[in-house]
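Below are some notes for a colleague who has not looked at this structure before. They are set out as numbered points.

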Amino acid sequence: MPGDLTLGEAAKAIGVSQDTLRRWDRAGRLRTTRDRRNRRLVPRAEVERLSRRPRRHRAGDALSARNRFPGVVRSVEVDGVMALVEIEAGPHLITAAVTRDAIEELGLAPGVPVTAAVKATSVMVETGRR
């Protein structure tokens, strides 16, 4: 098995998440092997094959300027598989709900510079006061 990569190493090399590789494995789009502890290993040939595939869309490629807010992470609160990330973007304070995996993959922590990309057709807030 020399030359095989762990699922995490393969995901990073290809530019996808580990969950994506697991789905591809179950769907037969990725050939993996198992080690003695039954962990998935990805042959280097598979990583090379998948690294050459054309990318249909990459995050941030087709976003308008009006929905991008450069800022700095103010806080990260992880609870189970989800987390809340508070971003200070100029006069705006944006809170995003993301997965724990996203926190780890992006290295999100207070002080890290980020860009919040917002996609919403409408946002409504109402109080009981009149």
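**Strand pairing and helix packing**

1. Strands S4 and S5 make a hairpin, with 2 residues between the two strands. Gly80 lies in the turn and has a positive phi of about 70°. Please keep in mind that the model is predicted.

2. Within it, Val72 has Pro113 of S7 as its bridge partner.

3. The next points concern helices. Two packed helices are described by the distance between their axes and the angle between those axes. Here, helix H1 (residues 7–14) and helix H3 (residues 44–51) have axes that come within 9 Å and cross at roughly 25°.

4. Are H1 and H3 roughly parallel or roughly antiparallel to each other? Angles under 35 degrees count as roughly parallel, and the axes cross at roughly 25°; H1 and H3 are therefore roughly parallel to each other. Their crossing is right-handed.

5. Which residues make the contact between these helices? H1 supplies Ala10, Ala13 and Ile14, while H3 supplies Val47, Leu50 and Ser51. By class, the residues of this contact comprise 5 nonpolar and 1 polar, with no charged.

Terms used:
Residues numbered from 1 in each chain as written. Predicted model: local features only at pLDDT ≥ 70, side-chain atom pairs only at ≥ 80, totals over all residues. Heavy atoms only, no water. Axes fitted to C-alpha atoms, helices over the stretch in contact; angles between N-to-C directions. Helix = DSSP H or I, 4+ residues; strand = E, 2+ residues; numbered from the N terminus. Parallel < 35°, antiparallel > 145°, perpendicular 65-115°, else oblique. Left-handed = near helix turned anticlockwise from the far one by under 90°. Contact = heavy atoms within 4.5 Å. Nonpolar A, V, L, I, M, F, W, Y, C, P; charged D, E, K, R; others polar. Pairing = 2+ DSSP bridges.
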